[in-house]
Amino acid sequence: MASKAIFFFFVSAVCLSSLAGVAIADADDFDRFQIQGSVYCDTCRVQFVTRLSKFLEGAKVKLECRSRTNGTVTLTKEAVTDKTGSYRMEVTGDHEEEVCELVLVESPDSGCSDVSKEAYLRNAAKISLTANDGIVSHETRIVNPLGFMVQTPSAECPAAFKELGIVPDVTF
């Protein structure tokens with residue numbers, strides 16, 4: 001009878017120590033984030049993806065996190081898009097007390113390299129990099145597409161907008 005109790009105690013101890021190891025590994029995962037996004041050429045200068053947009057290979061983006069209290073930069077990281085115009089980057093650490101955003105850095109296409117200078121039109125994507133934000137997936141953060149603009153909108157843009165039933169605030 002005593003040998004059964006010792007065996008049960010040993011098995012219980014092994015199971016509990018295994019669960020503790022899994023909990024520690026999962027806690028570490030909460031401080032690791034995969035960021036995914038894309039960069040496109042805005043051929044209509046409307047700052048959203050249309051059927052005329054082209055995704056850019058070789059575009060550079062930058063992640064920047066700043067302190068909410070004093071604006072000090074706490075994290076900077078860059079990525080380059082692949083042949084589909086997509087990028088990925090991994091970030092470690094909890095950045096709950098910071099404002100993090102992705103911004104455009106450099107376009108591979110000199111004909112599509114404009115970025116709006118107006119503060120209210122700033123082309124940036126804010127991102128939450130904390131596990132304490134209510135987002136179910138703590139592993140992957142998908143960012144809205146960012147777009148460089150051409151100098152002059154394509155002549156095909158009015159037809160594309162008519163198909164969508166919208167009238168943009170752009171002169172063609």
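Mentor: Let's start with contact, which here means heavy atoms within 4.5 Å. This is a predicted model, where local features need pLDDT of at least 70 and side-chain atom pairs count only at pLDDT 80 or more, while totals for chains, interfaces and linings use all residues. Residues are numbered from 1 along each chain as its sequence is written, and side-chain values use heavy atoms, with hydrogens and water left out.

Trainee: OK, which residues is Ile35 in contact with, leaving aside neighbours within four places in sequence?

Mentor: Leu63, Tyr87, Arg88, Met89, Val91, Leu102, Ile127, Leu129, Arg141 and Val143.

Trainee: And how do I read a nonpolar core?

Mentor: As a set of buried Ala, Val, Leu, Ile, Met, Phe, Trp, Tyr and Cys residues joined through side-chain atoms within 4.5 Å; buried is under 20% relative accessible area, exposed over 50%, and partly exposed in between (1.4 Å probe, protein chains only). The largest one here has 25 residues, and Ile35, Leu63, Tyr87, Leu102 and Leu129 touch the most other members. Its largest share, four residues, comes from β1. Apart from that core lies another, of six residues, including Leu52 and Phe161.

Trainee: Which strands make up the open sheet, and in what order?

Mentor: Strands are DSSP runs (E, at least two residues), numbered from the N terminus, and two of them pair if DSSP finds at least two bridges between them. The open sheet runs β4-β3-β6-β8, with antiparallel pairing. β4 and β8 (124–127) each have a single partner strand, so one side of each has no neighbour in the sheet. Between β3 and β4 there are seven bridges, and one of the bridge partners in β4 is Val73, facing Arg66.

Trainee: What sits in the loop between β3 (60–67) and β4 (73–80)?

Mentor: Asn70 does. UniProt puts a "glycosylation site" there; its positions use the numbering here, feature names are shortened, and annotations may be inferred rather than shown by experiment.

Trainee: Is Asn70 buried or exposed?

Mentor: Exposed, at a relative accessible area of 56%. Its side chain also has a 3.2 Å polar contact with that of Ser67. A polar contact is a pair of N or O atoms within 3.5 Å; within protein, one must be able to donate a hydrogen and the other to accept it, and residues adjacent in sequence count only if both atoms are side-chain atoms.

Trainee: Which side chain does Arg51 make a polar contact with?

Mentor: That of Glu163, at 2.9 Å. Arg51 is in the loop between β1 (32–42) and β2 (54–55), and its C-alpha atom is 9.6 Å from that of Phe161, 110 residues apart along the chain.
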